[in-house]
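User: I have a model open and would like to talk through its packing with you. Could you look at it with me?

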Amino acid sequence: SECYRVLKQGAYFCFATFLSGTLLSLTNTQHDFDIKPLVHYFTMDTISHALKNADFDLRQALFLPFTDTYPDIQSFLRYLSAIGSTSISGKRLNREQLSNFIKKCETAMRKEESICAEYSIGFFCPDKRTLRSSSRPTV
């Protein structure tokens, strides 16, 4: 609603987010250790519904599968932390569990000489609908 409030009619705002399917090997490993997701993502339907409810028209959307490589699992986990994902710490896992989690991630994500992370990214560029008298109350 804040985006809607500050944009002029016909204006666009663009954003990108992780979609379901991102980091499946990491997600599966998380389930094995019963820890909360490290990366939160949405479905195309969830985003489309939220935009429609906020009176935006979604005219442009792009789905991009993307693979990135990291030299080791620690570099990958630092990257996740840098982009604002939830970090793993001893608060959730004891030292031994954390070590086992990292080893299992390493095994699940290792391809040849690097760690491969597969992302599903959605890029969206909705525009602000023409205001109708019934669509937004006046303040």
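User: At what angle do α2 and α5 pack, and how far apart are their axes?

Analyst: This is a predicted model, in which local features need pLDDT of at least 70, side-chain atom pairs count only at pLDDT 80 or more, and totals for chains, interfaces and linings use all residues. Residues are numbered from 1 along each chain as its sequence is written, and side-chain values use heavy atoms, with hydrogens and water left out. As for the pair, α2 and α5 pack at an angle of about 150°, and their axes lie 9 Å apart. That makes α2 roughly antiparallel to α5, where roughly antiparallel is over 145 degrees, roughly parallel under 35, roughly perpendicular 65 to 115, and the rest oblique. The axes are lines fitted to C-alpha atoms, for helices over the stretch in contact, and the angles run from 0 to 180 degrees between N-to-C directions.

User: Which residues of α2 and α5 meet?

Analyst: From α2, S25, L26, T29, Q30 and D32 meet F101, K104, C105, A108 and M109 of α5, with contact taken as heavy atoms within 4.5 Å. An α-helix has 3.6 residues a turn, so residues three or four places apart point the same way.

User: Let me step back: how many helices and strands does the protein have, and in what pattern?

Analyst: The protein has five helices and four strands, and along the sequence they follow the pattern α-β-α-α-β-α-α-β-β. Helices (H or I, at least four residues) and strands (E, at least two) are DSSP runs numbered from the N terminus.

User: What share of the residues counts as buried?

Analyst: Of the 139 residues, 34% count as buried, with buried meaning under 20% relative accessible area, exposed over 50%, and partly exposed in between (1.4 Å probe, protein chains only). Taking contacts between residues at least 6 apart in sequence, 84% join residues at least 24 apart.

User: Now α4: which of its residues are buried, and what covers them?

Analyst: In α4, which spans residues 73–82, the buried residues are I73, S75, F76, L77 and L80, and their cover includes α2 (24–32), β2 (56–70), α5 (95–109) and β4. At the start of α4, a side-chain oxygen of D72 reaches to within 3.2 Å of the backbone nitrogen of Q74.

User: How do α4 and α5 pack?

Analyst: They pack at an angle of about 100°, with axes 10 Å apart, and that makes α4 roughly perpendicular to α5. The contact is made by I73, Q74, F76 and L77 of α4 with I102, C105, E106 and M109 of α5.

User: Different topic. What is the phi of L23, and is L23 buried or exposed?

Analyst: L23 has a positive phi of about 50° although it is not a glycine, and it sits in the loop between β1 (15–18) and α2. L23 is buried, because its relative accessible area is 3%.

User: What does L23 touch, apart from its sequence neighbours?

Analyst: Leaving aside residues within four places in sequence, L23 is in contact with V39, F76, L80, M109, A117, E118 and Y119. The C-alpha atoms of L23 and S120 are 8.2 Å apart, although these residues are 97 apart in sequence.

User: And where is E112, and is it buried or exposed?

Analyst: E112 lies in the loop between β3 (110–111) and β4 and has a positive phi of about 55° although it is not a glycine. E112 counts as exposed, because its relative accessibility is 74%.

Note on methods
Polar contact = N/O pair within 3.5 Å; in protein donor to acceptor, adjacent residues only side chain to side chain.
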